[in-house]
Amino acid sequence: MSSLLQRYERKKVVFSTPDYPNAYPPLKKCGWIINHSPNDADININFHDFELEKFPRCYKSDYMTIYRDQGTGKWEQIGSMSGYCGELPNFLISTSARQILVKFTSDLTKNYRGFNASFTSNVHLPPNITYIGDLLRQQTEDGVLTVEDKQTIQLQCDAQKSSPYPSYIWEKLNTTIGLYQPIRKALVKFERSNGSICLTDIRMMDGGTYRCTAQTAYGTDTETLYVNVTKSCPCPREIRAAWMFYPPYTNTKDVITRDGRPVQKNGIFEEYLQKMVKEVCTGCTKLIWDTSNFKERFSQLEKGIMNSELSNSTADIFFPVQGSSGGSTGGPVTRYKLKYYYLPIMNSPSILHYTSKESSHDKDILWKSISSAWPIVISCVILAVLAGIVIWALETYWNEEQFPREFSSGIVEGFWWAIISMTTVGYGDIAPVSVPGRLFAVFWILTGLIIVAIFTSVLSTSLSVQVLTSEVKLYGSRAGAISNTYESRLGYLKGAIMQDFQTVDEMDSALSDKQVDGLLVDSFIAGHHFKQIFQKHRISKNFQPKKTYGFVFGRQLSTSVFYQRFLNFHEQHMEFATDLVANKTHSPEMEDQSSAMESADQIISNESEMFKTAVRISGIALGSLIVVGLFFEYCYLRPRHRMIQSAKRTELCQSKAVKEMIFRSNLLKSTLVREVAHFRKRWDIKLNYVKRRHTIEVKKMKTKLARPRVTAAPQEENSTTVIVQPSAPSSSIENSESRC
């Protein structure tokens with residue numbers, strides 16, 4: 001005989017006889033226990049199919065019996081005392097107990113399908129209140145709910161885990177007699193069976209201890225809530241302020257005030273907000289300052305995610321926010337992006353475009369100016385070459401010594417003359433002598449003056465253009481600005497390639513490292529950081545936006561009632577806002593001259609980097625040449641001179657033979673010098689004599705040639721025949737002189 005015992009603790013389980021729906025085995029004992037200890041439960045067992053061996057007394061054949069335990073530890077049989085057998089239709093057995101035992105037994109005789117059953121149970125749990133408080137606000141502090149008078153509150157008492165569902169009773173403690181009594185009917189608007197009660201138009205006298213009682217047949221539970229009724233406040237009890245660190249508008253960087261500890265706040269908007277909330281809200285409102293995740297909170301506000309969706313993560317007021325200066329009528333704008341109320345406090349100052357004073361444009365101005373004038377330089381050279389060719393052609397016949405007949409040598413000399421004449425230098429080493437050459441020289445000198453004037457004007461114009469265009473333009477340049485500000489949006493509108501930064505220090509580093517060409521900065525912010533950062537940069541341009549700085553109201557304050565109260569305060573305290581701006585801001589110092597004039601001064605100023613570089617290079621070159629010259633003189637020229645003088649004085653010769661040879665050489669040299677001088681003297685005398693004789697003979701020849709020609713008879717061997725002819729041309733006489 002085999003047995004089977006199964007235990008169930010779930011609320012709904014299906015169980016059946018072995019091998020169901022086939023015939024169950026013989027001699028089988030099975031049991032199923034439904035356990036809900038330590039609590040009682042209402043248990044319902046539903047037999048969907050039931051077929052056992054039929055016998056008048058079931059316990060003598062195949063049968064089923066049911067027992068229960070009500071917490072005494074003893075099993076008590078319920079239902080048919082002889083058990084259940086045969087074929088029964090769908091039937092239900094209900095009872096209340098902690099445990100139920102279903103027992104099945106089979107014998108050796110006939111076997112049938114058995115049964116298939118399921119059960120459900122409902123556990124008896126005493127009531128346990130898990131929550132008591134205000135259903136609308138859902139916030140209490142240490143069992144105390146603080147409300148304002150004339151408000152409506154809905155109290156909730158929750159004991160939903162109890163079974164069966166409890167009934168609720170709300171009462172109020174009467175401090176006079178020390179007993180709980182029903183709440184006065186005029187105060188109760190409605191009371192529901194789920195434990196909620198609505199109290200309307202609550203007054204100061206309605207404050208006190210309220211008790212909620214939850215009860216069932218199996219137990220009772222109570223909880224109390226103290227309702228503190230205070231005088232009404234024109235503003236919310238807590239206003240959460242979110243702002244961005246943006247000095248001098250906001251000047252408190254690290255503020256952790258969730259615990260309420262006091263922190264000094266000395267920015268324009270911080271001081272103005274404290275005074276405004278204190279006077280408008282009559283001192284009953286607590287300001288909670290929070291700078292964390294300003295961008296995320298403000299973007300949520302702009303997207304319209306507010307109120308119940310982000311009751312703890314968003315804020316009630318945002319600042320400083322830049323908005324438009326006026327609507328279509330010129331009055332103050334009351335809406336920010338047509339969604340939320342906006343209160344302008346002050347006009348936005350000018351936006352400055354800062355560039356670096358150490359701009360690379362200044363260093364390249366002169367070189368760019370010269371390089372841009374290269375066409376006129378080439379034209380001057382070409383014209384000088386042409387003038388050199390012309391003057392060579394005109395002068396080479398009359399002045400071959402200065403303008404050689406060879407073309408290559410002649411045009412070189414002509415080019416040199418053209419250059420020194422065009423520049424009006426006039427060294428005088430080369431000069432035309434012929435009339436055509438001198439006329440062309442006059443023409444070329446006048447032309448050279450015009451060419452030099454044109455070159456000078458082109459160079460000065462190019463230099464002026466480079467100076468004027470050296471200023472960094474905003475369009476197309478790389479510009480930086482604080483992210484999520486109007487300066488950043490202005491850069492995009494002006495066509496700049498924008499790069500957003502979180503702090504002013506990051507902007508300064510980017511400009512110093514040439515990551516950006518310029519910065520767009522609010523003038524008040526630039527004045528606040530002028531000595532530390534912006535003094536080393538220069539203002540390229542300024543823009544005057546038609547904008548204002550102010551507060552944007554969100555969450556609890558985004559109503560016309562609160563906006564009108566704050567607007568009335570601002571209209572009455574405009575002078576206070578003006579004084580705050582005047583005392584806490586100052587504009588940066590402006591340069592005495594524009595960036596273009598400063599760039600021009602950089603070219604000729606002795607303080608400019610280009611001038612210092614030129615002086616440095618010239619000094620290095622001069623020093624190098626002096627060193628090389630001294631080295632050449634002391635290491636080469638002077639030793640060579642001493643060596644020559646020593647050789648002359650025979651300081652280096654110590655041998656007698658050498659000295660004798662030198663003496664003989666000097667003697668021979670002096671002898672030769674005397675002989676040559678004597679020969680030249682005699683030669684000069686002889687030459688003068690020959691010249692005189694030549695002159696006499698030339699005169700005699702001319703005289704003879706002038707006489708008539710006479711033919712004489714042959715003479716002796718030493719005689720001379722003279723033939724007299726008519727006078728010949730002068731050229732013949734010259735030829736005869738040359739023959740003589």
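The largest cavity in this predicted model is lined by Tyr246, Ile482, Glu487, Val504, Met507, Leu520, Val521, Asp522 and Ile525. Here a cavity is a set of points, on a 1 Å grid over the protein atoms alone, where a 1.4 Å probe fits but cannot get out, and lining residues have an atom within 4 Å of a point. The space inside amounts to about 40 Å³, a volume being the space filled by probe spheres set on grid points that are joined across faces, edges and corners. One cavity of 30 Å³ or more is counted by this rule. Strand 28 (518-522) gives the largest share of the lining, three residues, and helix 8 (504-512) also supplies at least two. Helices (H or I, at least four residues) and strands (E, at least two) are DSSP runs, numbered from the N terminus. By class the lining holds seven nonpolar, no polar and two charged residues, where Ala, Val, Leu, Ile, Met, Phe, Trp, Tyr, Cys and Pro count as nonpolar, Asp, Glu, Lys and Arg as charged, and the others, Gly among them, as polar.

A word on conventions: residues are numbered from 1 along each chain as its sequence is written. Local features need pLDDT of at least 70 and side-chain atom pairs pLDDT 80 or more, whereas totals for chains, interfaces and linings use all residues, and side-chain values use heavy atoms, without hydrogens and water.

Turning to helix packing, helix 1 (residues 268-280) meets helix 10 (residues 560-572) at an angle of about 115°, with the axes 10 Å apart. Axes are lines fitted to C-alpha atoms, for helices over the stretch in contact, and angles run from 0 to 180 degrees between N-to-C directions. Tyr272, Lys275, Met276, Glu279 and Val280 of helix 1 make the contact with Arg565, Phe566, Phe569 and His570 of helix 10, contact meaning heavy atoms within 4.5 Å. Five of these residues are nonpolar, one is polar and three are charged.

The backbone also has some features to look out for. Most residues other than glycine have a negative phi, and most peptide bonds are trans. Another cis bond links Phe319 and Pro320, with omega about -15°, and Pro320 belongs to strand 22 (residues 317-324). Asp19, not a glycine, has a positive phi of about 65°, in the loop between strand 2 (12-16) and strand 3 (28-35).

Methods: 1 Å grid on protein atoms, 1.4 Å probe; cavity = no way out; pocket = protein on both sides within 12 Å on 5 of 7 lines; lining within 4 Å.
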